[in-house]
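The stops below are meant to be selected in order.

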Amino acid sequence: MALIQNWLPPSRENWELIVWGFQFFPLFTATQWFVSYYPQGKTSVESRFNLPGKWAWATMEAPGFITLLYVMYTLPKQQGIESLPWANWTMAALFTIHYIYRALLAPLVLNPSMSPIHITVWASALIWQITNGLSLGGWLGGYGPTTVYDWAGRLYMIEVGLVIWGWGLLGNMYHDDDLREIRRAAGWRQKKEAEKTGKPVQSVDKVYMLPKNGLFHFILYPHYLCEWIEWTGFWMIGGWGCVPARSFVLNEIATMLPRAVQGRKWYVDKFGKDKVGNRKAVIPGLL
Ligand SMILES: NC(=O)c1ccc[n+]([C@@H]2O[C@H](COP(=O)([O-])OP(=O)(O)OC[C@H]3O[C@@H](n4cnc5c(N)ncnc54)[C@H](OP(=O)(O)O)[C@@H]3O)[C@@H](O)[C@H]2O)c1
């Protein structure tokens, strides 16, 4: 059943248009290099157009994997494809695993607190997620490889890609958790203090410290770097010619790289040059 005729799932013509257009996304994010206004996370602002961080994050990120799965379940029927190859489902599973963690578990279960997210950031991320879900979902659901023969001779690359994807995801989760630990520890300290003084427990919203473990020793955004590594492994599984997987990782880098560089400046302003030291933003020793 098509939810929106020719768009959900997309017709081949519309899918090709989406994939073509999505390649130019970095042109839009180029503005992030010149404009520091980004009303989310560390740089959130007070506004009546803010949404609560945890729910905003979940609702802007989850539509990506839901779109991808919906397209993969509906498009093959429309295309007269009986069943998709196992490698298509493997890629869909990797995408879904990541986003169950990123869109649901991280904000709604694991993160002690999240800053409010402005509705403009929420809407942009939502559009990005749906576009990415359509782009990848169309490729996996019938417009890319449709038989095991299309994957023939690619087992080695798939295996290496899987290993890279797995290490990337673990690195991303590890460094995310190092940030969470800062607020968990602050929460325990504040609870103890409140018990001692009898005053109410303070919230851990907007408590920031310099993270130090793992790759935080060298860079301030290792969780970003690990995520790029993860999706490079995913691209490798799809093959270097897989434009939707390539756009996915390049578009992530295009939006997250300026954010990390500005984030380093934010750390220097907050904690001082001496405390930040030689740590780079996101590429050890370089940037
Ligand atoms: N931002 C993007 O465009 C983007 C795109 C794709 C994937 N991702 C992935 O999504 C995850 C989160 O991204 P993000 O941009 O929100 O990362 P982030 O700015 O580093 O924030 C991650 C979480 O840690 C908290 N936090 C950040 N720095 C902290 C510090 N120094 N001390 C204590 N707590 C700190 C944040 O709280 P506050 O919310 O209160 O600041 C937030 O809950 C990352 O793993 C990233 O790879 C992000």
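**Before you start.** The model is predicted, with local features requiring pLDDT of at least 70, side-chain atom pairs counted only at pLDDT 80 or more, and totals for chains, interfaces and linings using all residues. Residue numbers run from 1 along each chain as its sequence is written. Helices are DSSP runs of H or I with at least four residues, strands are runs of E with at least two, and both are numbered from the N terminus.

Stop 1: Select Asn6, which is found in the segment before helix 1. Its phi is near 70 degrees, a positive value in a residue other than glycine. Next take Leu8 and Pro9, which are joined by a cis peptide bond with omega of about 5 degrees. Pro9 is also found in the segment before helix 1 (12-22). For context, most residues other than glycine have a negative phi, and most peptide bonds are trans.

**Stop 2: annotated spans.** The unreviewed UniProt entry lists residues 17-35, 55-75, 87-110, 122-143 and 155-174 under "transmembrane region". UniProt positions are given in the numbering used here, feature names are shortened, and annotations may be inferred rather than shown by experiment. Colour residues 55-75: this span is 100% helix and 0% strand, with its end C-alpha atoms 30 Å apart. Then colour residues 155-174, again 100% helix and 0% strand, where the end C-alpha atoms lie 28 Å apart.

**Stop 3: helix 3 against helix 4.** Show helix 3 (residues 53-79) with helix 4 (residues 86-110); they pack at an angle of about 160 degrees, and their axes are 8 Å apart. Helix 3 is therefore roughly antiparallel to helix 4. Axes are lines fitted to C-alpha atoms, for helices over the stretch in contact, and angles run from 0 to 180 degrees between N-to-C directions. Angles under 35 degrees count as roughly parallel, over 145 as roughly antiparallel, 65 to 115 as roughly perpendicular and the rest as oblique.

On the helix 3 side, pick residues including Trp57, Phe65 and Met72; among their counterparts in helix 4 are Phe95, Tyr99 and Leu108. Contact here requires C-beta atoms, placed from the backbone, to lie within 7 Å. The residues of this contact divide into 14 nonpolar, two polar and three charged. In this classification Ala, Val, Leu, Ile, Met, Phe, Trp, Tyr, Cys and Pro are nonpolar, Asp, Glu, Lys and Arg are charged, and the others, Gly among them, are polar.

**Stop 4: helix 4 against helix 6.** Select His98 and Tyr101 of helix 4, then Trp165 and Arg180 of helix 6, which are among the residues making the contact. By class, the contact has nine nonpolar, one polar and two charged residues.

**Stop 5: helix 6 against helix 7.** The axes of helix 6 and helix 7 come within 7 Å and cross at roughly 160 degrees. Helix 6 is thus roughly antiparallel to helix 7. Their contact residues divide into 14 nonpolar, eight polar and three charged.

Definitions and conventions
Two residues are in contact if their C-beta atoms, placed from the backbone, lie within 7 Å.
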